[in-house]
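Biologist: Could we go through this model together? I would like to begin with its sheet and then turn to other parts.

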Amino acid sequence: MVAVSGSPTPPLIQIDMQSFSQLRARFKSAFGCLQSRRIVGYGKTVLLCSFLTTGAVMGARLLGWLQASELNAYDEMVQRQPAMVPDARIVVVGITEQDIGTYGWPIPDQVIAKALEELQRYQPRVIGFDLYRDIAHPPGTEQLRSQLAASNVIAIETLGGDNAIPAPVGVPPERVGFNNFLPDSDNVVRRNLMAVLLGEDEHHYSFALRVSQAYLVHYDMQLTHLPGGFQLGETTFPDLGTTSGSYHQIHPGGYQILARYHPNVLPAMQVSLNQVVSGDISAELVQDRVVLVGTVAPSIKDLFYTPYSDRSETSQTAGVMVHAHFTSHILRAVLDQERLIWFIPDWVEGLWILAWAIVGGMVVWAIRNPLLIPVGVIIMGGILAGSCYLVFLQAGWIPLWPALLTLVATSGIVFAYETLYKLFYDTLTGLPQKTLFLRSVQQAITPSAIARFYPTQTAETCGAMLCLDLNGFKRVNESLGHEAGDRILLIMTQRIRQALPPGSQFARLVSDKFLAWVNPLPQQDAAIALARSIQDHIKQPITVNTQELVMSASVGIALRTSDTVHDADELLRDAQTAMHQAKSRGKSQIEVFNRDMRLDIIAHFQTEADLRYAIERQELRTYYQPFISLRTGKIAGFEALIRWQHPEHGLVSPGKFIPVAEDTDLIIPIGHWILQEACQQMRQWHINFPARPHLIISVNLSGRQFTQPDLVQNIRSILEQTGLEGKYLKLELTESILMDDVGAVIDTLNQMKKLDLQVSIDDFGTGYSSLSYLHRFPINTLKVDRSFVMHIDEMGEDHAIVETIIALGHHLGMDVIAEGIETAEQAKKLKELQCEYGQGYFFAKPMPADAIEDLLTNEKLWLSSV
């Protein structure tokens with residue numbers, strides 16, 4: 001076995017708990033850059049995924065794959081506009097099914113002429129005649145032509161070569177507008193074709209635009225052509241681009257705009273043809289208004305899908321009503337300054353989509369619970385949809401579905417990446433986890449890899465796997481909080497990485513344990529020197545205000561030489577074994593694995609197996625060591641100590657089997673057994689020696705025992721069964737037990753006090769504790785560790801420490817007992833320092849119960865030299 005001691009560490013480590021807030025603030029300042037690096041690393045992942053998903057979605061958009069979904073979203077927003085009253089400037093004279101039943105179909109020319117005559121009596125500003133009368137339907141044809149000749153009548157035509165339908169005979173071209181419906185790929189009419197250019201200078205205007213022009217003559221508003229659009233009054237109508245909104249390659253012919261449908265399905269007041277012919281309308285309804293005449297009867301099939309349609313035939317809108325929507329849109333834009341539908345440029349659209357992709361990635365970052373991530377994505381999707389809707393209310397159309405797809409896709413990809421990342425990397429430090437680390441090491445130690453990368457490796461060179469454990473980290477983590485613990489781990493990670501040579505592999509095993517693989521090293525001593533260098537880096541103090549926190553590490557080393565064959569799992573096993581061996585020897589130790597350690601492990605398992613049967617086979621023994629009143633020189637009580645009478649190995653000291661018991665649950669029944677035995681024996685001595693009624697028995701409690709929820713109840717039961725009064729039982733606890741969970745410890749100690757028990761802190765000054773908590777514990781006794789008593793007569797640091805502990809105990813109302821007294825000089829010094837009790841081989845070794853009875857019987861002779 002090769003054992004190398006690191007730098008000595010002070011036996012007493014204290015942290016003043018009263019400055020936690022300053023401590024955390026300093027940690028944030030000192031280690032914030034490390035956290036920032038993690039955030040930057042995650043941000044790069046989110047950005048990469050965001051750019052990939054944005055590129056894919058933009059590609060799909062350019063190919064037109066998203067147009068149908070986006071147009072549906074547009075229709076949904078149209079349908080959810082706030083309600084408005086119908087446009088009072090427009091009246092629709094609709095030919096209903098009842099009118100057709102009355103007059104027949106086609107409606108005779110004289111009936112239409114009569115209706116136009118009645119309407120003209122009320123002086124409408126313009127009449128839009130949305131009926132095809134290129135073929136006469138007598139009687140009354142001449143009368144109809146006379147009515148259509150009126151200057152305020154606008155007729156309709158259909159352009160389209162062989163499918164063209166001319167305007168009625170006698171209507172001049174300046175009072176004719178073409179049917180301007182442009183159905184999209186899903187047959188929904190959303191675009192308004194305002195004008196087309198036939199020839200170099202021959203503009204043809206749509207029916208809705210002609211009607212609007214005639215109405216606006218009253219306002220002296222003229223139509224002006226502009227590059228890429230035209231102007232009507234002060235309002236500019238820009239031509240719809242080929243990729244405006246979410247359209248894909250719109251046919252560029254003519255001047256088009258995206259119709260802003262009236263918020264109501266019926267944009268204007270409607271009356272029937274029969275009402276007009278019968279004179280059953282008021283002059284106020286028609287005077288100075290736009291009157292559109294057309295059919296609304298479903299049987300005529302002059303029906304179109306609009307954004308208000310649900311794609312069923314019953315939800316289609318009559319053509320004259322679509323013209324009413326288009327006309328109302330133009331008039332609202334010109335006279336009411338209502339904004340036209342606007343769009344963002346393609347590059348801004350790309351940034352918009354990218355931004356929501358980044359949001360999707362950040363949702364996964366912000367929400368750590370995987371079950372809540374879908375909820376977060378849904379919420380952000382709702383915010384996206386709400387944003388698009390609010391913009392639409394301001395006449396803007398920005399993409400919903402492309403942004404939504406990138407939001408969902410990026411969050412899904414980042415979540416999948418993060419899930420896979422967590423399988424192989426530690427999320428706190430970014431280091432590889434054990435699985436990935438071992439796989440990498442295994443690849444590095446294959447003969448082919450060694451021959452390729454280390455061709456000059458000799459028999460003396462070796463590779464080393466180091467297993468490092470941060471000593472006392474659990475106490476620091478629980479005392480200062482997990483946030484501070486995480487920052488300490490980050491700074492320790494940085495320090496270890498700095499100490500490792502280039503090309504080393506570094507990983508986090510679990511919690512406060514790290515792994516490193518270094519290859520090649522010239523010899524075994526180089527691995528030890530590297531481990532010592534790592535320890536030197538780790539032990540650099542972390543200063544927090546006036547406090548210094550010093551960490552240390554136990555290091556286990558497993559070597560792989562050129563003449564040995566190991567796989568990565570074996571190296572890890574051996575390195576961990578060496579690390580545990582180093583920890584068992586104290587802090588800041590280094591151990592290099594050898595084969596004897598495996599024998600120790602086998603012996604450990606054998607001890608555990610034998611120990612499980614020790615109680616039922618009655619192999620355990622209780623020994624007692626007296627502690628003496630230094631003032632009177634008499635026995636004040638005894639400490640109960642356990643021994644194991646092994647059938648093959650004889651008397652086994654507790655140092656051999658107690659650590660094994662503490663590593664398992666065996667310490668619970670063993671602790672209960674010795675507590676029962678000690679209380680029973682002390683009760684018997686009270687009976688046998690009535691002159692010594694104040695003798696007490698002291699029993700050690702392990703950390704596992706103390707955390708048992710039924711501990712106090714078990715002690716109460718033992719006291720009741722044995723008849724021993726609680727004031728004669730003293731329980732010894734280590735400092736580490738007290739600092740595990742201060743609140744719970746105080747609660748348990750107070751319950752013990754209700755049983756009148758005494759409590760002692762064992763080996764005081766050697767563990768990790770805070771003096772600021774000591775006064776809160778209901779403690780009776782401080783027990784000075786033998787390591788301080790050993791050199792107390794030299795008047796050095798140990799003398800000062802013992803003096804301080806005694807003064808502290810007295811100041812807090814506690815008595816003090818010193819253990820490990822081996823000379824009269826030590827006993828004398830302790831008595832001069834006013835230490836109440838002493839214990840050690842100078843007085844008596846641990847002995848069985850019958851020997852103690854002899855000691856009590858002959859006490860005066862035995863203590864006469866003190």
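This is a predicted model: local features need pLDDT of at least 70, side-chain atom pairs count only at pLDDT 80 or more; totals for chains, interfaces and linings use all residues.

Biologist: What is the strand order in the open sheet of 6 strands?

Modeller: The order is β6-β5-β4-β15-β3-β14, with parallel pairing. Strands are DSSP runs of E with at least two residues, helices are runs of H or I with at least four, and both are numbered from the N terminus. Two strands pair if DSSP finds at least two bridges between them.

Biologist: Which strands stand at the edges?

Modeller: β6 (176-178) and β14 (269-272) do; each has a single partner strand, so one side of each is left without a neighbour in the sheet.

Biologist: How many bridges join β3 and β15?

Modeller: Strand β3 (residues 90-95) pairs with strand β15 (residues 290-295) over 6 bridges, in the parallel sense. Ile95 stands opposite Thr295 in β15.

Biologist: Which strands does helix α9 touch?

Modeller: Helix α9 (residues 319-335) packs on the sheet and touches β3, β5, β14 and β15, where contact means heavy atoms within 4.5 Å. Its direction makes about 160° with that of β15; angles run from 0 to 180 degrees between N-to-C directions, and axes are lines fitted to C-alpha atoms, for helices over the stretch in contact.

Biologist: Changing topic: is Gln67 buried or exposed?

Modeller: Gln67 is buried, with a relative accessible area of 12%. Buried means under 20%, exposed over 50%, and partly exposed in between (1.4 Å probe, protein chains only). Gln67 lies in helix α2 (residues 67-79). Leaving aside neighbours within four places in sequence, Gln67 is in contact with Ser185, Ser246, Tyr247 and His248.

Biologist: How many residues has the largest nonpolar core?

Modeller: That core has 85 residues, and Phe638 and Ile697 are among those with the most contacts inside it. A nonpolar core is a set of buried Ala, Val, Leu, Ile, Met, Phe, Trp, Tyr and Cys residues joined through side-chain atoms within 4.5 Å. Its largest share, 9 residues, comes from helix α21 (residues 667-688).

Biologist: Finally, at what angle do α16 and α17 pack?

Modeller: Helix α16 (residues 482-499) and helix α17 (residues 524-538) pack at about 145°, with their axes 9 Å apart.

Technical notes:
Residues are numbered from 1 along each chain as its sequence is written. Side-chain values use heavy atoms; hydrogens and water are left out.
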